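Here are a few notes from going through this one, roughly from the whole chain down to single residues. Have the viewer open while you read.

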Amino acid sequence: MRFLTGVGFNDAPVPLHIAGVREMNPSLFEMLGEARDLAEAGEAFGCYMAALFGIDAEQRVRSRDGRRFRSSYLDLIKGWGFDSNGAEGAVLKGWVESRFGLFPTFHKEPIRRIASPVWTMYVEQKMSSRFHNNAIFVQLDLLYEFCQWALTHFAAVGSTHVTLYRGVNGFDEHQIVERLDKRHCIIRLNNLTSFTSDRGIADCFGDTILTVRVPVSKILFFNRLLAAHPLKGEGEYLVIGGDYRVTASYF
């Protein structure tokens with residue numbers, strides 16, 4: 001965990017993979033290998049997930065008695081877009097905690113210690129049965145591996161980092177670990193954090209713009225990954241956290 005948390009990894013990252021995902025889903029990656037562009041790859045991924053987890057449009061609607069048929073990674077992304085500190089956000093943060101060993105530092109309010117009321121609330125939300133009825137962590141494993149495949153083949157070919165931006169009005173969500181000078185510091189990001197590839201969009205979310213070089217291997221999702229999703233308009237990226245070198249611009 002310390003290796004993934006520290007600035008050393010983020011300065012000189014290495015590829016990361018969820019153990020067994022590619023080996024257990026060879027047909028998916030065979031299909032992806034035939035894609036001519038990112039749009040075709042996204043369509044192939046969507047079809048594979050719909051077939052494997054039964055999450056096509058008809059099966060995702062509510063039945064007459066009000067029960068949801070199957071939980072979906074798409075529902076989590078949609079929920080994150082509305083409120084990253086809601087129940088869907090807790091499940092996504094719980095997946096990061098499970099797979100990468102990074103604990104959340106914020107969920108509605110700062111998480112200072114385990115066994116606190118805010119930690120209990122986070123645990124209750126991340127374990128909610130309505131999101132864990134369809135192997136949701138396995139779905140997220142596949143989403144991460146597809147995202148990594150798409151970045152290395154189409155969206156960030158040959159790159160180790162992507163420069164991203166986040167607008168903030170304070171540092172409640174982001175602990176300052178070390179101030180390097182007036183504009184540069186090391187910040188401990190929440191274990192999953194939203195950024196945008198468009199600095200102009202970041203301006204709309206706060207008076208301080210954080211500029212970060214994010215390792216490709218720490219990206220769970222980006223706005224062009226799928227043809228239709230609720231985060232597309234803001235150029236959003238979902239970034240796995242830890243300690244990052246940050247340039248802060250103040251307006």
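This is a predicted model: local features need pLDDT of at least 70, side-chain atom pairs count only at pLDDT 80 or more; totals for chains, interfaces and linings use all residues.

1. On overall dimensions, the C-alpha trace spans about 55 × 45 × 35 Å along its principal axes. The radius of gyration is 18 Å, which agrees with the value near 18 Å that a compact globule of 251 residues would have.

2. For the fold itself, I get 11 helices and 6 strands. As for burial, 52% of the 251 residues count as buried.

3. Charges next. There are 28 positive and 28 negative side chains, and the centres of those two sets lie 4 Å apart.

4. Now the rings. The structure has 10 aromatic pairs. One of them joins Phe3 and Phe9 in an edge-to-face arrangement, with 5.1 Å from centre to centre and 85° between the planes. The pair counts as edge-to-face because its planes are over 60 degrees apart. Are the two partners buried or exposed? Phe3 is exposed, at 52% relative accessible area, a value over the 50% cut-off. Phe9, on the other hand, is buried at 1%.

5. Elsewhere, ring pairs tie Phe45, Tyr73 and Phe146 together into a cluster.

6. Last, have a look at Phe106. Where is this residue placed? Phe106 is in the loop between α8 (87-100) and α9 (117-126). Despite that loop position, Phe106 counts as buried because its relative accessibility is 7%, under the 20% cut-off.

7. What does Phe106 touch, leaving aside residues up to four places away in sequence? The list is Asn85, Lys93, Ile111, Asp172, Glu173 and Asn190. For a distance to check in your own viewer, take Phe106 and Val118: they are 12 residues apart along the chain, and their C-alpha atoms are separated by 8.8 Å.

How values were computed: Residues are numbered from 1 along each chain as its sequence is written. Side-chain values use heavy atoms; hydrogens and water are left out. Helices (H or I, at least four residues) and strands (E, at least two) are DSSP runs, numbered from the N terminus. The radius of gyration is taken over C-alpha atoms; the globule rule is 2.2 Å times the number of residues to the power 0.38. Buried means under 20% relative accessible area, exposed over 50%, partly exposed in between (1.4 Å probe, protein chains only). Lys and Arg count as positive and Asp and Glu as negative; His and the chain ends are not counted. The place of a charge is taken as NZ of Lys, CZ of Arg, CG of Asp or CD of Glu. Rings of Phe, Tyr and Trp (its six-membered ring) pair if their centres lie within 6.5 Å; planes under 30 degrees apart count as stacked, over 60 as edge-to-face and the rest as tilted. Contact means heavy atoms within 4.5 Å.
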